[in-house]
Structure formats: C-alpha cells, structure tokens
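Subject: A structure to look over

Hello,

Here is the structure I promised to pass on.

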Amino acid sequence: MKAATKFIHAGVHPDPSTGAIMTPIYQTSTFVQDGPGKHKGYEYARTQNPTRTQLQNALAAAENGKYGISFSSGLAATDTLLKLFKPGDEIISTNDLYGGTYRLMRKVWEPYGLKFRFIDMSEAGTISSYITPATKMIWLETPTNPLIRIIDIKACAAIAKQAGALLAVDNTFASPYLQNPLDLGADIVMHSATKYIGGHSDVVHGCIITNDKEIADQLYFLQNACGAVPGPQDCFLLLRGLKTLHVRMQRHCENGEQIAHFLRRHSKVNKVHWCGFEDHPGYAIAKAQMHGFGGMISFELKDNTLAAAERVLSSTKLFACAESLGGVESLIGHPASMTHASIPRAERIANGLADSLIRLSVGIEDADDLKADLEQALG
Ligand SMILES: *Cc1c(COP(=O)(O)O)cnc(C)c1O
C-alpha cells in the first residue's frame with residue numbers, strides 16, 4: 001500500500017456496532033459485562049478503549065510496524081519505555097537531544113540506577129567505543145533539535161544488534177511519512193504525536209511502535225499498570241490528524257525548501273541548518289533514509305547576539321513565537337532563551353547553539369507570505 005492510502009485507511013475499520021466510518025469517541029470509563037468476566041474485549045478504559053485501539057493500529061500501520069502503544073504524551077511514552085530497564089543497565093543516547101528527554105533521563109531515571117551516556121552520533125562508528133556489557137539500548141533522534149544533524153539509523157542498528165542492545169528512534173522530527181526506522185533496522189520507534197502526526201497544535205500525545213511481540217506485551221502491561229493513557233477525545237484527534245499527514249508533509253517539505261534557500265541567500269543571515277542542502281554533512285544519509293527533508297530549519301544571524309535574535313522573534317507576524325513544532329501554522333523559536341535556556345551559556349555554545357540561533361517549524365501556509373514575513377522581520 002502506498003503512503004497516501006496507508007495514512008487514510010491502514011489499521012482503521014468502520015465501527016462494528018454502528019458502521020460509523022469514522023471511529024467514534026468512546027467517552028466511557030467502563031464497559032458493561034454480560035456476567036463476571038464475560039465481556040466484549042473491553043473492561044475498563046485505562047486497560048482498553050475502542051478509540052485508542054483503532055489509533056494504536058493506525059499508528060502501527062503508519063510506521064510499518066505490528067504493534068502500537070499510545071500514551072498521554074511523548075514523554076509518557078519514553079518514560080514507560082525506560083521502565084523496561086533495570087538498575088545498572090546502560091543506555092547510549094545522543095548529546096543533541098530533545099530537552100525533555102534529557103531531563104527525564106538525567107533527573108528522573110538516573111537516581112533509579114539507569115546509566116546514560118550522551119554522545120555525538122554523527123559518525124555512527126564512534127558509538128562502538130561506548131558499548132559495554134551493560135549496554136541495553138541505543139536511543140537517538142534524527143534529524144536532531146535544533147541543529148538538524150543527521151544520524152545514520154541503519155549503521156546504528158547494526159551496531160546495536162552486534163552489542164545485543166535495542167535501537168530506539170525518536171522519529172518525531174521526521175514523522176512516519178518522511179522516515180520509517182523499523183524498516184531501517186530499529187527495534188522501537190517513538191513519536192511525540194503532539195507534533196506532525198496530530199499536526200494541528202491541539203493535542204498532546206505519544207506513542208511507541210515495534211515489531212517485537214515481547215517488547216509490545218511488556219509495554220501494554222506497563223501502559224495499564226502505570227496508567228499514562230490518552231483520553232478517547234485525544235485519540236480521535238490523532239486519528240483525524242493522521243489521515244492528512246502525507247499531504248501536510250509534502251507541503252512542509254516544499255515550504256521548508258523555499259524558506260531554507262531564501263534564508264541562505266539573505267544578507268542578514270549567517271548560517272542555515274537544513275538537511276536538504278547538498279553540502280549539509282548528513283545530506284547523503286538523509287537522502288537515503290528519509291523521503292524528503294521536512295520543514296524544520298534553524299539559522300544564525302550575522303549579528304550573532306541575543307538581542308538581534310529577540311528583535312526578529314518579536315517582529316514576525318505569521319511565524320508565531322512558541323515552543324512545539326509540526327503544526328499547520330508556522331512557529332519561530334529561540335533555543336537560547338526558550339527550549340535550551342537552562343543550559344549554561346558556555347556549554348550551549350560549545351554544543352553549537354549560538355546566541356542568535358533561531359528555529360523555524362515551517363507550516364503549510366503560502367510560501368511567499370512566509371518569506372515576506374521573514375523579510376520584514378529580518379529588516
Ligand atoms: C515534543 C517532543 C518530545 C516530547 O513529547 P511531548 O508530547 O511534548 O511529551 C519528545 N521528542 C521530541 C523530538 C519532541 O519534539
């Protein structure tokens with residue numbers, strides 16, 4: 001099945017009780033049983049809910065996976081995944097990581113005895129030197145936030161396999177339309193579906209997809225046992241968002257390309273980070289493992305100061321200054337004073353996050369209007 005058909009049809013079926021073509025919102029906490037233990041597959045809504053079941057099947061299909069497990073947020077998904085491990089287990093992670101994931105690993109899970117190493121994975125070969133007998137998982141994000149670096153998923157999968165460790169990929173930035181890590185050898189895919197999958201900035205949600213039945217069963221157990229489950233209304237919004245993912249992503253890619261080239265030509269702009277430039281260090285890998293380059297871009301100003309960046313951020317009219325990404329509307333953010341403000345300046349700069357670095361989540365509006373907005377804000 002081609003992507004356009006898959007995102008609309010895969011995993012979902014008309015409602016068996018009424019024939020409703022769209023999955024109803026089963027806004028109920030419990031399900032009446034014919035007698036004790038005699039039920040129709042649904043007992044209590046933390047354990048199962050029909051709206052969630054359809055979403056989980058649709059998300060699994062979107063990633064070419066067998067099992068989908070949904071959570072109340074992206075971080076709840078990652079938190080539940082980390083419960084698969086035991087004190088002393090080691091996880092190798094990227095140093096260019098979503099801040100909330102870093103905080104979850106360092107501040108929540110390290111005190112429980114999990115060990116994390118945050119390393120540069122832009123040369124996959126270097127990962128091997130960090131592997132020990134205790135290494136149980138490699139966790140990565142690609143493209144990374146906010147510097148749009150690319151990590152070779154296939155190469156990491158081979159390294160993980162050789163080490164007897166799992167490879168998990170946070171695929172939020174690419175979306176299941178642009179990149180399918182399970183097809184490239186990953187064991188686990190995670191999404192903050194809050195972003196591109198939902199696509200309309202109106203829902204917070206997370207999911208994990210895997211082909212491994214044992215991992216899936218453990219995660220279904222934890223989903224019920226720990227209870228970070230999404231409500232049925234949220235599941236409905238995600239089902240709705242997923243149906244247009246391919247159309248939205250095509251436009252995100254087209255607009256991203258136009259804005260990236262526009263910025264690169266602009267006299268006030270110093271450096272533009274976008275993985276579709278042929279001279280981007282990860283271009284060849286991105287071209288091989290992604291189906292497009294997406295709408296996430298970051299750039300530095302020639303006037304490399306916090307004040308100059310703040311002037312641009314407070315001058316855009318279409319690009320809204322906000323955290324998050326992946327919605328139909330364009331957003332603009334300033335990592336140094338927003339998402340990465342808690343990192344000491346010296347460390348931030350050493351990691352390549354300049355004072356003037358600005359991040360764009362390019363939406364699906366008209367590209368000329370978006371360029372005009374940036375033009376006036378840069379002026
Ligand atoms: C937003 C985000 C998360 C966290 O997801 P929430 O839904 O906000 O909990 C994780 N990873 C990446 C790359 C994100 O952008």
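Before the rest, some housekeeping. The model is predicted, so local features need pLDDT of at least 70 and side-chain atom pairs count only at pLDDT 80 or more, while totals for chains, interfaces and linings use all residues. Residues are numbered from 1 along each chain as its sequence is written, and side-chain values use heavy atoms, with hydrogens and water left out.

Most residues other than glycine have a negative phi, and most peptide bonds are trans. Ser201 has a positive phi, near 50°, and is found in the loop between strand 6 (188–192) and strand 7 (206–210). Helices (H or I, at least four residues) and strands (E, at least two) are DSSP runs, numbered from the N terminus.

The loop between strand 4 and helix 5 (153–163) is worth a look too. Pro143 lies there, and the peptide bond from Thr142 to Pro143 is cis, with omega near -5°. Pro146 lies in that loop as well, joined to Asn145 by a cis peptide bond with omega about 0°. Ile148, again in the loop between strand 4 and helix 5, is not a glycine but has a positive phi of about 55°. Ile148 counts as buried, at 1% relative accessibility.

An open sheet of 7 strands runs in the order 1-7-6-5-4-2-3, with mixed pairing (two strands pair if DSSP finds at least two bridges between them). Strand 1 (67–71) and strand 3 are at the edges with a single partner strand each, so one side of each has no neighbour in the sheet. From one strand to the next, the twist averages 20° (axes are lines fitted to C-alpha atoms, for helices over the stretch in contact, and angles run from 0 to 180 degrees between N-to-C directions).

Within this sheet, strand 2 and strand 4 pair in the parallel sense over 4 bridges, and Ile92 stands opposite Ile138 in strand 4. Helix 4 packs on the sheet and touches strand 2, strand 3 and strand 4, its direction making about 145° with that of strand 3 (contact means heavy atoms within 4.5 Å). Helix 5 also packs on the sheet, touching strand 4 and strand 5 (166–170), and its direction makes about 150° with that of strand 5.

Which residues of helix 4 (residues 99–109) are buried? They are Gly100, Thr101, Leu104, Met105 and Trp109. These residues sit on the same side of helix 4, because they cover an arc of only 140° around the axis (the arc is that of the directions from the helix axis to the C-beta atoms). Arg103 and Lys107, on the other side of helix 4, are exposed. The cover over the buried residues includes helix 3 (74–82), strand 2 (90–94), strand 3 (115–119) and strand 4 (135–141).

**Helix 2 and helix 8**

The axes of helix 2 (residues 50–62) and helix 8 (residues 232–242) come within 9 Å and cross at roughly 35°. Residues making the contact include Leu55, Ala58 and Leu59 of helix 2 and Phe236, Leu238 and Leu239 of helix 8. The contact residues divide into 10 nonpolar, 2 polar and 1 charged (Ala, Val, Leu, Ile, Met, Phe, Trp, Tyr, Cys and Pro count as nonpolar, Asp, Glu, Lys and Arg as charged, and the others, Gly among them, as polar).

Gln56 is placed in helix 2 and is buried, with a relative accessible area of 9%. Leaving aside its neighbours within four places in sequence, Gln56 is in contact with Gly68, Ile69, Ser70, Tyr220 and Gln223.

Phe299 has Ile358 as its bridge partner, and Gly333 has Arg359. Ile358 and Leu360 point one way from strand 12, Arg359 and Ser361 the other way, and all are buried.

Best wishes

Methods: Buried < 20%, exposed > 50% of the residue type's maximum accessible area, 1.4 Å probe, protein only.
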